[in-house]
Amino acid sequence: MKRKHSKRIRVRSYKELRKEARRVFARWIVNRDKVGITCGSPATQCGHYIHRDCFDFDEFVNHGQCARCNLWLRGNLSIYTLKMIDLCGRDSVDEMHRASHEVVKFSREFLENVITKYTTG
């Protein structure tokens, strides 16, 4: 007698969910901005003004950047900072830096919502 194998639904690991959420969000940022915030070249990557987990999925802190600014110039932070001050003011930038020290672990539900929101939106 043969055993029937039930099909199991594979649950993605937390690491896989986070990686997918970051990929989808980064693609959305590049499509939103089209032009890099620091040099005006076509945006090909998602640049993070502050590299902390708490800002991974923040639309206001992430902007499109070209590969040169994002990778080779390590975000081109001197110009990025000036642009952020122009966009939101010095007080908001200072508050972002204070908030960047928070430790955040996103829930699976939050990551799934990010994937859904930025894939369809």
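This is a predicted model: local features need pLDDT of at least 70, side-chain atom pairs count only at pLDDT 80 or more; totals for chains, interfaces and linings use all residues.

Trainee: Where is R74 placed?

Mentor: R74 belongs to the loop between α2 (67–72) and α3 (77–88), and N76 lies in that loop as well. Most residues other than glycine have a negative phi. Phi of R74, however, is positive, near 50 degrees, and phi of N76 is likewise near 50 degrees.

Trainee: Is R74 buried or exposed?

Mentor: Burial is judged by relative accessible area: buried is under 20%, exposed over 50%, and partly exposed in between (1.4 Å probe, protein chains only). R74 is exposed, because its relative accessible area is 69%, whereas N76, at 12%, is buried.

Trainee: How do strands β1 and β2 pair?

Mentor: Two strands pair if DSSP finds at least two bridges between them. Here β1 (residues 45–48) and β2 are antiparallel partners over four bridges, and C46 stands opposite G64 of β2. In a regular strand the side chains alternate between the two faces of the sheet. In β2 (residues 62–65), both faces are covered: N62 and G64 are buried on one side, H63 and Q65 on the other.

Trainee: What does the side chain of H63 make a polar contact with?

Mentor: A polar contact is a pair of N or O atoms within 3.5 Å; within protein, one must be able to donate a hydrogen and the other to accept it, and residues adjacent in sequence count only if both atoms are side-chain atoms. The partner of H63 is the side chain of Y80, at 2.8 Å. H63 has a relative accessible area of 9% and is therefore buried.

Trainee: Which residues touch the most other members of the largest nonpolar core?

Mentor: A nonpolar core is a set of buried Ala, Val, Leu, Ile, Met, Phe, Trp, Tyr and Cys residues joined through side-chain atoms within 4.5 Å. The largest has 13 residues, and A21, F25, I29, F57, L111, V114 and Y118 touch the most other members. Helices α1 (14–33) and α5 (108–120) each supply at least two of its residues, with α1 giving the most, six. A separate second core of twelve residues includes Y49, I50, M84 and A99.

Trainee: How many disulfides are counted?

Mentor: A disulfide is a pair of cysteine sulfur atoms within 2.5 Å, and the count is zero. The closest cysteine sulfur to that of C66 is in C39, at 3.5 Å, which is too far for a bond. For C69 the closest is also in C39, at 3.7 Å, again too far.

Trainee: How many salt bridges does the structure hold?

Mentor: A salt bridge places a side-chain nitrogen of Lys or Arg within 4 Å of a carboxyl oxygen of Asp or Glu; the structure holds nine. In one of them, R22 and D56 have their closest N and O atoms 3.9 Å apart. R22 lies in helix α1 and D56 in the loop between β1 and β2, so the pair ties together parts 34 residues apart in sequence. R18, R22, D53 and D56 are linked in a network of salt bridges.

Technical notes
Residues are numbered from 1 along each chain as its sequence is written. Side-chain values use heavy atoms; hydrogens and water are left out.
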